[in-house]
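Here is a short report for a reader new to this structure. Take a look at the model, then read on.

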Amino acid sequence: MNDIRDGRLTAHKPEDKKVFSDENALLIQRLIAKAERPGQDAMKMHPYYGGKIEIAIKACVRSFDDFAVWYSPGVAEPCRDIAGHNDMVYEHTWKWNTVAIISDGTRVLGLGDIGPEAAMPVMEGKAMLFKYLGGVDCIPICLDTKDPDKIIETVRLISPSFGGINLEDISSPKCFDVLDKLRKNCKIPVWHDDQQGTATVELAGAINAMKIVGKKPADANVAIIGAGAASIATFRLLIAAGFNCKNVCVCDSKGILNAERDDIKGSNFRQKWDICKITDGAGKRGGMKEAFVDADIVIAASKPGGKTIPSEYIDIMADDPVVFATANPTPEIWPWDAKAHGCKVFATGRSDFPNQINNSMGFPAIFRGVLDVRARTITDEMCIAAAKELARYAEEDHKGGITPDYIIPTMLETEAFVSEAVVVGEEAIKQGVARLKLGAQELRDRIESTIRRSRSLTAKMMELGFIKEYKE
């Protein structure tokens, strides 16, 4: 019979080939239909709710007399306190727990440059994940400009209102300069989730995938397919965490990045040329197919679509190959196709397949830890600490440990977010970038309380009917 769980859709007996072939085709049709269902539901549920987040009153209103405390004349006293001691803004306002999600809509999911209005559903969804998974309040802000200087100046000007900035879906290569300049010019942590967030979770998955197949990161041959923001940041973090740059091959739409790529040398995409010089394509030349040769792990963040990576490319990888196909909204290769060709560990960016390698396991907890110690920045060391904790949690704290279908925690595991946030906060304190130096238990208690409050609040609002359950 067929093994549906791992996607090896093959007949066991030659004489049954026709029957099994038909069954396989029907099964694949059902799996594709299931994969398309979230998009169909989204078109019904988004207009039903008219937005996924709202601002609710947090402070008590016992009577109208309380407005004399929350507004004039009483509010003047907190204002004076902040004017005299600037950091008191964290005590008196929501700044301590609020992040702005900034996008210009030029690189949205796998949809490309669709504009600021069309990017809003993604940014609202991001805010929803921030709140539910990390207890972080977020304001989505989509800017009507593609000019990097205007983006930088706008974010710098609004930054006093927020405890952190999450850049999202901004096209490369400008996203690199936007991030670098804002990190220098803002007094609060600024990060680009498509860079640091994705890279953190890719690293966590790679650490445990290598354990599953019994290979050491320093010895692993790595092929990174795609050379945008996510891929370049993933490359950087993999190397910082112990993968050998001489064993890493990065491939863009024109071929493998190596020292012979004159089309990149001297271009405005200096990050690509740096990779050309550092890796020289791990000695490889050619295109995507050549990048797959003898690779132990392929990490793809490229063009969405189940046929972007031909399934036969898995055959030319090393034994027990690992493939992360993380394009959105559909992976570069379907899991059943990859596993039918011997893929040992397969991951996507989607929540409806096993092994979701998605930054949703990174940004809510990382910002939770950052906000609770009032960090001034988010360093690579903090991201690596988060990745290692995610990997450790999956291996040691999850019942059953890691398996080919479970290499990092899922969004259902609240404690994983707590543990990740704690190590991030501790690393910020260790590196001297935290305004608050909290003890380990106090930090854990704060983080756990905030995350559990957010989830409980959502459940209670649904129970009381303030969030109505969608019914077709």
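How many aromatic pairs does the structure hold? The structure holds eleven. Rings of Phe, Tyr and Trp (its six-membered ring) pair if their centres lie within 6.5 Å; planes under 30 degrees apart count as stacked, over 60 as edge-to-face and the rest as tilted. Phe176 lies in helix H7 (residues 174–185), and Phe269 in the loop between strand S7 (255–256) and helix H10 (270–279), so the pair ties together parts 93 residues apart in sequence.

## Model and confidence

This is a predicted model, in which local features need pLDDT of at least 70 and side-chain atom pairs count only at pLDDT 80 or more, while totals for chains, interfaces and linings use all residues. Residues are numbered from 1 along each chain as its sequence is written, and side-chain values use heavy atoms, with hydrogens and water left out.

The pLDDT (the predictor's confidence in each residue, from 0 to 100) averages 92 for the protein, and 95% of the residues score at least 70. Over residues 1–17 the pLDDT is below 50. Beyond near neighbours in sequence, that stretch has 27 contacts in the model; contact means heavy atoms within 4.5 Å. Where pLDDT is low, the predicted coordinates should not be read in detail.

## The four-stranded sheet

Helices (H or I, at least four residues) and strands (E, at least two) are DSSP runs, numbered from the N terminus. Two strands pair if DSSP finds at least two bridges between them. Four strands form an open sheet in the order S2-S1-S3-S4, with parallel pairing. Strands S2 (137–142) and S4 (190–192) are the edges, and each pairs on one side only. From one strand to the next, the twist averages 20°. Angles run from 0 to 180 degrees between N-to-C directions, and axes are lines fitted to C-alpha atoms, for helices over the stretch in contact.

Strand S1 (residues 98–103) is joined to S2 by six bridges. Ser103 has Cys142 as its bridge partner in S2. Helix H13 (residues 363–372) packs on this sheet. H13 touches S1, strand S3 (164–167) and S4, and its direction makes about 160° with that of S3.

## H5 against H13

The axes of helix H5 (residues 116–134) and H13 come within 8 Å and cross at roughly 65°. In H5, Lys126, Leu129, Phe130, Leu133 and Gly134 meet Phe363, Pro364, Phe367 and Arg368 in H13.

## The six-stranded sheet

A second open sheet has six strands in the order S7-S6-S5-S8-S9-S10, with mixed pairing. S7 and strand S10 (345–348) stand at the edges with a single partner strand each, so one side of each is left without a neighbour in the sheet. Strand S6 (residues 248–252) and S7 pair in the antiparallel sense over two bridges. Cys251 stands opposite Ile256 in S7.

Helix H8 (residues 193–212) packs on the sheet and touches strand S8 (297–300), strand S9 (322–325) and S10. Helix H9 (residues 229–240) lies across strand S5 (222–225), S6 and S8, running at about 160° to S5.

## Backbone exceptions

Most residues other than glycine have a negative phi, and most peptide bonds are trans. Asp169 has a positive phi of about 55° although it is not a glycine. Asp169 sits in the loop between S3 and H7, and Pro173 is found in that loop too. The peptide bond from Ser172 to Pro173 is cis, with omega near 10°.
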